[in-house]
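Here is a short report on a protein chain. Keep the structure open as you read.

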Amino acid sequence: MRAGLGGTIVTSVRLLIHSPRLVLPALCLVLVAGCATVPQEPAAPPQPDAAALTIVAEIALQRGDCKTAAETYARAAQIASAPVAHRASEVGLACEDLPAAWESAQRWRTLEPQSREAQAMYAIVALKLYRIDDARAAVKAFLSAPSLPARPVAGRRPGSLPAPGADSGLADLTTLLLEESDATEVYAAFNGAIDTSDASSARLTLLGELALEAYDAGTAERYALRAVHESPKNLQANRLLVRSYVVLGDPSKAIATARDVMRVDPRHGMFELAEVYQQLGRVEDAHQELERLKVADAPRAEVDRRLAVLAYESGDLQEAQQRFADLAESGEADQSTLMYLSDIAARQGDVAAALAGYGKLADSSLALEAREKAAALLLGSHRSSDALALLKEYARHHPEESVDLTVAEAQLLGDHGRTTAALKMLDGALRSHPQHPALEYERAIVLGQAGQVSESVQALQRLLATRPDDPTLLNALGYTLADHDMELSQARSLIGRALEQMPDNPAVLDSMGWVRFRGGDAAGALAPLERAYEISYDAQIAAHWGEALWVADRYEAARKVWAEALARDPDSKELQAVVARFIPNAK
């Protein structure tokens with residue numbers, strides 16, 4: 001039907017364009033007739049035509065005018081059938097015009113309430129707008145809808161709609177939602193939407209994985225224990241249990257369970273203990289375990305790769321470089337090997353070698369990461385035009401990632417002190433993608449980097465007014481207030497609310513420690529800061545933890561924390577600044 005309407009309109013347009021001799025006499029006759037008639041009441045304005053609107057939208061899309069395409073399609077969706085609403089939703093999402101996408105997705109869902117595709121699209125857009133209750137309702141409807149063959153939903157990134165299956169497509173729905181939103185948001189939408197009373201081991205494991213990604217290790221542990229009880233040889237469930245114990249800070253249980261995994265599946269679980277030691281920061285134990293595996297006839301290339309990564313993460317760049325180079329010479333290198341070698345060159349100050357390595361990855365599966373790292377080096381070398389050109393070239397070939405690329409570019413500019421350029425870029429992007437949460441959030445952060453703290457706080461408050469339970473916003477506003485000694489009581493309350501939702505998020509734990517420290521409670525700050533560092537080994541958290549230790553008169557402990565963190569991340573400016581402030585002669 002849509003094609004037929006469109007064809008009729010296109011034909012009419014062509015007649016008007018190519019036959020002016022037919023049009024002009026007819027127009028004259030109309031004008032003369034109009035002059036001869038008695039004036040009448042003005043006619044009602046013509047109603048918009050859905051087919052015409054879709055033509056206009058598709059033309060705008062072909063011209064690269066995504067905003068006009070999305071908004072025009074959203075208008076068409078309100079007066080057209082389900083296929084137009086379907087297409088309108090796809091275009092709105094692909095163009096990252098979230099108001100238009102939301103309007104279209106609501107219409108599509110209303111027209112086809114039994115469509116899994118419509119429910120999935122509705123959930124995707126709802127999550128991007130942090131409409132958790134709406135997303136949860138769509139998840140429930142999706143799971144109860146009939147499992148019919150589905151067309152793929154077009155979004156910013158490639159993905160496929162959930163297919164029929166024994167678990168009602170839950171795993172595929174999870175993957176689809178995670179392509180567009182953070183695990184914390186997806187997990188929040190699933191809470192209360194999925195019945196787990198008699199869930200299979202596979203479903204419990206999936207939900208546990210999601211809980212762990214959403215920084216709720218306690219819930220992940222509970223799901224994992226149930227999954228293992230249901231199916232003791234479920235390798236994924238056992239591994240989930242191991243990682244949960246690591247995040248919960250229970251090394252004895254993590255190690256014991258890792259050994260169980262190795263017994264349950266010696267072939268696929270052979271590296272489990274080495275991974276646990278590495279995650280716990282026990283570098284020497286991890287090294288010894290990997291050497292033991294090498295003697296025990298484990299795949300040599302995999303052992304060597306893991307030893308190289310271990311050396312890199314512990315700050316032994318010389319050993320890491322040699323091991324990665326050996327892998328390359330033996331023909332066992334992959335793209336990640338070249339990335340590590342390029343990273344090592346960058347950390348050693350060999351900018352030319354690092355740029356050459358990143359350049360070889362510029363069109364690989366690691367292209368965006370390589371280009372971002374190369375751009376950071378170029379910005380640090382005052383070659384800003386070359387730096388931005390790297391990202392803009394990628395954007396030309398990947399328009400579906402325009403928002404993510406804008407955010408990445410703004411972060412780079414902000415991190416290198418070019419906040420005015422970053423703000424200008426974000427303001428322009430917001431004109432094309434109105435009310436986009438990621439752009440608005442990044443703008444608030446850059447305002448803080450620019451020293452416009454009041455404006456940053458106000459921007460975060462405006463965002464929080466529309467998303468009052470968003471833990472990322474709660475933490476960002478709380479940390480900003482704490483870091484500038486502003487309204488510490490409110491800051492602590494905001495961070496506490498974020499921590500209730502993400503109890504194991506190292507960034508939020510760091511914020512809680514920092515607000516306590518700013519409030520004069522250095523001793524009370526130590527526990528959350530230590531826990532945050534042991535989860536993430538982040539340099540900024542190490543800076544905060546060391547400072548709290550120092551103020552609490554634990555000087556040697558502070559020195560040890562800073563030394564270990566500098567070995568892992570010697571280029572951290574914040575860490576360097578804190579160490580220089582307390583130990584001026586440190587080298």
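Predicted model: local features only at pLDDT ≥ 70, side-chain atom pairs only at ≥ 80, totals over all residues.

## Inside the nonpolar cores

Phenylalanine 190 belongs to the largest nonpolar core, which has 91 residues. Leu177, Phe190, Ile194 and Leu290 touch the most other members of that core. Which helix gives the most to this core? The answer is helix H7, residues 116-128, with nine residues. There is also a second, separate core of 79 residues. Among its members are Ala370, Val403, Leu494 and Val515. In soluble globular proteins, nonpolar side chains tend to be buried together.

## The chain as a whole

Now step back. The protein chain has 33 helices and zero strands. Of its 587 residues, 47% count as buried. The protein chain exposes about 28,500 Å². Carbon and sulfur atoms supply 53% of that area.

How much of the contact pattern links residues 24 or more positions apart? Take the contacts with a separation of 6 or more: such residues account for 53% of them.

Next, look at helix H29, residues 506-518. Helix H29 has 13 residues, which should span 18 Å at 1.5 Å a residue. Its end C-alpha atoms are 18 Å apart, so the two values agree.

Is H29 largely enclosed or largely open? Buried here means under 20% relative accessible area. In H29, 10 of the 13 residues are buried, so the helix is largely enclosed by the rest of the structure. The buried residues are Pro506, Val508, Leu509, Asp510, Ser511, Met512, Gly513, Trp514, Val515 and Phe517. One of them, Val515, is also in the second core. What covers these buried residues includes helix H27 (471-483), helix H28 (488-501), helix H30 (522-536) and helix H31 (539-551).

Both ends of H29 have details to find. At its start, a side-chain oxygen of asparagine 505 comes within 2.8 Å of the backbone nitrogen of alanine 507. After the helix comes glycine 520, with a positive phi near 95°.

Now turn to helix H25, residues 437-449. Helix H25 has 13 residues. From first C-alpha to last, H25 reaches 19 Å, close to the 18 Å expected at 1.5 Å a residue. Its buried residues are Pro437, Leu439, Glu442, Ala444, Val446 and Leu447. The cover over them includes H6, H7, helix H23 (402-415), helix H24 (419-432) and helix H26 (453-466). Just after H25, glycine 451 takes a positive phi of about 85°.

## One disulfide

How many disulfides are there? The count comes to one. Cysteine 66 and cysteine 95 form this link, with their sulfur atoms 2.0 Å apart. The angle about the S-S bond is -70°, and the link is left-handed.

What does the pair tie together? Cysteine 66 lies in helix H4 (residues 66-77). Cysteine 95 lies in the loop between helix H5 (82-94) and helix H6 (98-111). The pair therefore ties together parts that are 29 residues apart in sequence.

## Two tyrosines

Find tyrosine 312 in helix H17, residues 300-313. Leaving aside neighbours within four places in sequence, tyrosine 312 is in contact with Leu317, Ala320, Phe324, Tyr340, Asp343, Ile344 and Arg347. Tyrosine 312 and isoleucine 344 are 32 residues apart in sequence. In space, their C-alpha atoms are 8.1 Å apart.

Then find tyrosine 277 in helix H15, residues 272-279. Again not counting residues up to four places away in sequence, tyrosine 277 touches Ile255, Arg259, Arg282, Asp285, Ala286 and Glu289. Tyrosine 277 and alanine 258 are 19 residues apart in sequence and 9.8 Å apart in space, C-alpha to C-alpha.

| Residue | Relative accessible area and class |
|---|---|
| Cysteine 66 | 27%, partly exposed |
| Cysteine 95 | 4%, buried |
| Tyrosine 312 | 13%, buried |
| Tyrosine 277 | 9%, buried |

Terms used:
Residues numbered from 1 in each chain as written. Heavy atoms only, no water. Core = buried A, V, L, I, M, F, W, Y, C linked by side-chain atoms within 4.5 Å. Buried < 20%, exposed > 50% of the residue type's maximum accessible area, 1.4 Å probe, protein only. Helix = DSSP H or I, 4+ residues; strand = E, 2+ residues; numbered from the N terminus. Expected span 1.5 Å × (residues − 1). Contact = heavy atoms within 4.5 Å. Polar contact = N/O pair within 3.5 Å; in protein donor to acceptor, adjacent residues only side chain to side chain. Areas by Shrake-Rupley, 256 points an atom, 1.4 Å probe, with all protein chains shown as cover. Disulfide = S-S within 2.5 Å.
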